[in-house]
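Hello,

Here is the structure we talked about. Please open it first, then read my notes beside it.

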Amino acid sequence: MITGVIFDIKRYTLHDGPGIRVSVHLKGCPLSCWWCHNPESQSFAPQLLFRPERCIRCGYCVPVCPARAISEKIETDELLCCISGECADVCPAGAREICGRHVTVSRVMDILLKERIFFDQSGGGVTLSGGEPLCQAGFVLPLLEECKKNDMPTAVDTSGFAGWDVIEATLPLTDLYLYDIKHMDPELHRKYTGADNGMILANLARLGEAGARINVRIPFVPGVNTDERNLRNTGEFVSRLKGVETVSLLPYHTAAEGKHRRWEMEFKLRGVYPPTSHSLAAAAGVIEKYGVKTVIGG
Amino acid sequence: MNERVERLRRESFETAPSFSAERALIETEFYKENDGKYSIPVMRGLSFKNICEKKTIYIGPDELIVGERGPRPKAVSSFPELTCHSVRDLEILNSRQMQSYAVDPKDIEIYREVVIPYWRGRSMRDKAFARMPRKWLDLYQAGLFTEFGEQRALGHTALDGLIYEKGMYDLKRDIARARERLNFLSDPDAAAKDDELQGMDHSCDAVIIFAERHAELAGQMALETPDLKRRQELLKTADVCRRVPAYAPRDFWEAIQMYWFVHLGTITELNGWDAMSPGHLDQHLEPFYRKGLADGTLTRDSAKELLSCFWIKVNNTPAPPKVGVTAAESGTYNDFTNINLAGLRRDGTDGSCEVTYIALETADELRLLQPQCNIQVSARTPEKVLKAAAEVIRHGMGYPSVFNADMVIQEQMRTGKTLEDARQGGTSGCIETGCAGKEAYLLHGYLNTPKVLELALNDGTDLMTGKSIGLRTGAPADFKSYGELYGAFERQLEYVVDTKIEADNYLRARYAELFPATFLSVLISDCVEKGRDYYAGGPRYNTDYIQCTGIGTITDSLSAIKKHVFEEKRVSLDRLVRACGVNWEKEEALRLTVWNKTPFYGNDDDRADDIMRAVYASLFAAIDGKPSILGPTYHLNMLSTTCHNYFGKMTAATPNGRFRGTPISDGTSPSHGADRNGPTAVVKSLGKMDQVKSGGTLLNQRFLPSVLEGEKGVEGLVSLIRTYFRLGGHHIQFNVVDEATLREAQKNPQEHRGLLVRVAGYSDYFVDLDDYHQEEIISRTAQQTV
């Protein structure tokens, strides 16, 4: 049975492609962007999240743990914890949550099919997002195939950091790519995302050549990728591509900071504020000069 | 909004509601002198005429549309023949914090000296309570149901296009013809019909006199005003008031004034419950609008100004003060004038027109409590209309509400209306389906379905008082299966509903006999032709509604019992019921388990939604087709207005994890916080209810303004509405939530898990955000709702 690791399925999303959509968030990402809005999506493995403020100390979790990792004082020994999820299943208060569950294609389809009438009405569909969905190609490809069998429009929201063979395999199954360009400078890209941008940009160009419909998305993070030089380089690069319908500037939002804190992850962007609407408009103007339709927001 | 409208709006907004004993005094003196001289319908007609001859006439500065129910704006009349307020009632009205009415000490004296001595023991309310059986009183006082007929006249009314085609003189001619046709040789009811028709005739005279007195005052004021422009306006006002309602209106101004005089007439003759609406106002006004533009007497702006003046008039008319349970369950100044926009015409074509847009703009600019408007959306309704409505919706006033015109038509046809009549029908009040101008659809009160389950779980005992008030259907330990428990619920339901209907039928018969609505009967087809009153089967269609509340709470409660007691055997029914009895004290883990680990209604989960369907079917079986004095006219309706708060106070903790005294679920919405998969899952769940068998359902959806931002926000909203209607939904309205709600969500995150907020390029659940971002969103929302 093919399974994938998913940490969220969101219904009624409006900004990840046209119409009313469902976004399926796959866990695990080869990048670790400083501004990541879903830091819990970076690790490929399921994780246990404990919210002490919700715990009512009922002790239901203690006896059910197969690894006996939870003490009478309701403290979890992380070395023993095997992420079985049984504690979360019985926790009445929702203090214990498992982030990332193994699910089958048919389980995901059960949920997606419920939303089909909204896709019909609004021109929406399914968006596979992450993490990086293409890292779970063995699951994503059969999922996309099932969507297509059921006439559901599909979108893949990707960093592009994947082997070309994987991307190529998604081509006949994907109606729209939401494709991130985080930085044009290889050095700075490595600094802020932990990965090189060479493969990302090359894949994007190939994707266009192959006839894909693409919406390029730029997480607009002040002080990181908002300087005019980078914007001009981006505009210039995109203008040479095929298949790009729009460039979207996604304004950085500080929601990321709280999420990093909750997951006890280091947050390196402290002190950075969201961009002003003026700076967004100016940036859009710079890119538009290259003849590329640019919008603010998803 | 121009300066005039701005001033009138401010005045309406800032004037505090006050109480006026004027109508009560005029009526009491008339009854003292005349009671017993005439038949009851004639007496009612003459009394109404006498009020119209004597009441204070008010025309305010700047007004173009004139007429008030009381002697001044926001002064409410009282109706001692229905409910005679005590001196203590009036003192409380004057001093209470919420929904207070200023009461002049002189008015209290009038009540003490004149009104109370005459009406005490004679009023409808006094008579009703003296007659009600013990079992009814037990259930009523325990909060199993409310009773609309106990203090206000039954009814719920919207008009059709009649008054734009016929004036009162035309209608008097129709009445005269009906009297000529009476056959005293073969019809044993001929005398009663003759009395009723005479009463109607006097009622027509009453509103003609009412309007003429406005014409006189306007003429007099014109002579006295030095301002030439205002003098012209007053002279025009005098002309209009001489024309309507005596004759059919000829232009836009007269048409609006016609409706307003007629509206005032219906709410002056009786204190009807609690919705008088113009029906499809845009369609009614459209011919006058086009004619005015064509002959140069009207512009779009002047039409909007007149419509705005009318809007403000409606806002000047708060509800007469309520007492007792009714005051507790409906703590609001509102009477509900809900204007239908768009929809279909009688011939089935799209009913939207330019006046639709003007009305939406008017509602958007004025932002008044009343009137409210709704948009009737058919498959034929253009996207442009729905988008214009969505624009207003996202400004966060909660209106226009949105109805599925095609369903509203089907609902009416299921209960016997012709296709054409059904198309002219619509919704009034909150969501109640009715055939405008042709139907008496009497609402009889709300039914507390979670409380019925409380009886079934406690062998007929009210957990709030310990009194045995229901049937003895067995203790929790007796139920060997879910099916047995459900059977007990159905038996309690039948008992409660039948007890209510017995009382409703008594009250309906008394209204027909003692308080015929002789003016309203002129306006509703076919009362004149039949010579029968609105309450006595005169209308072409007659319906009695019982409004069922709390389907979310009861579904979730049954789902919790089914899963945790009978399927997983995690807890005994006995323990769960005892936990409810002690309001979950020392049972927080059990409470959170049922609250967080039960399939709940509103999540597109068949395990819960199948239970909802079963409960709905039981309600339908208990109510639909039950007999009134006119035959099998009972139908169910699925709304709660504000009654879910009152019922919540009267209901012990429920097995879904709800605490004692907190609100039960509203309308047909999911329980607060139980819908955890977003709005699409909610409408899917609602779509599984066979709504066409009801007289209306109500779905409240909460959104933050940010979710509706931009073109995508509007398109998402429109698609959500269209999809819900494809699924057979009747109504949806949107609460674009404000800061107060968000603060509440911070305090009680468990109750607000489904609150979707737009964070940045994406939406998230508010309670899942950390404190800092919750604060950030609150500050952003506050800015957006200024």
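In which sense do E5(B) and strand E6 of chain B pair, and over how many bridges? They pair in the parallel sense, over 5 bridges. One residue pair to look up: B:Asn340 has B:Asn374 in E6(B) as its bridge partner. Bear in mind that this is a predicted model.

The sheet

These strands belong to an open sheet of 5 strands in chain B. Its order is E5-E6-E7-E14-E13, and the pairing is mixed. Strand E5 (338-342) and strand E13 (700-703) are the edge strands, so called because each pairs on one side only. Neighbouring strands are turned against each other by 30 degrees on average, direction ignored. As background, strands of a sheet pair through backbone hydrogen bonds, either parallel or antiparallel.

The helix across it

Next, find helix H17 (residues 383-393) of chain B. H17 lies across E5, E6, strand E7 (401-404) and strand E14 (731-736) of chain B. It runs at about 145 degrees to E6(B). Which residues of H17(B) are buried? They are B:Val385, B:Leu386, B:Ala388, B:Ala389, B:Ala390 and B:Ile393. What covers them includes the strands E5, E6, E7 and E14 of chain B. Helix H16 (354-366) and helix H30 (710-726) of chain B are also part of that cover.

The cores

The largest nonpolar core has 284 residues. Among those with the most contacts inside it are B:Val207, B:Leu306 and B:Ile721. Helix H21 (residues 482-514) of chain B gives the largest share, 13 residues.

Take B:Leu306 as a worked case. B:Leu306 touches B:Leu64, B:Ile65, B:Phe252, B:Trp253 and B:Ile256, leaving out residues up to four places away in sequence. There is also a second, separate core of 13 residues. It includes B:Ala21, B:Cys84, B:Tyr111 and B:Trp119.

Where the chains meet

How many residues of chain A are in contact with chain B? The count is 27, against 32 residues of chain B. Strand E1 (3-13), helix H4 (116-122), strand E10 (244-251) and helix H10 (255-262) of chain A each supply at least two residues of the side that touches chain B. H4(A) gives the largest share, 4 residues. That side of chain A divides into 13 nonpolar, 10 polar and 4 charged residues.

Best wishes

Notes: Residues are numbered from 1 along each chain as its sequence is written. Chains are lettered from A and ligands numbered from 1 in the order in which they are written. This is a predicted model: local features need pLDDT of at least 70, side-chain atom pairs count only at pLDDT 80 or more; totals for chains, interfaces and linings use all residues. A nonpolar core is a set of buried Ala, Val, Leu, Ile, Met, Phe, Trp, Tyr and Cys residues joined through C-beta atoms within 7 Å. A residue is buried if 20 or more other C-beta atoms lie within 10 Å of its own, exposed if 12 or fewer, and partly exposed in between; C-beta atoms are placed from the backbone. Two residues are in contact if their C-beta atoms, placed from the backbone, lie within 7 Å. Ala, Val, Leu, Ile, Met, Phe, Trp, Tyr, Cys and Pro count as nonpolar, Asp, Glu, Lys and Arg as charged, and the others, Gly among them, as polar. Two strands pair if DSSP finds at least two bridges between them. Axes are lines fitted to C-alpha atoms, for helices over the stretch in contact, and angles run from 0 to 180 degrees between N-to-C directions.
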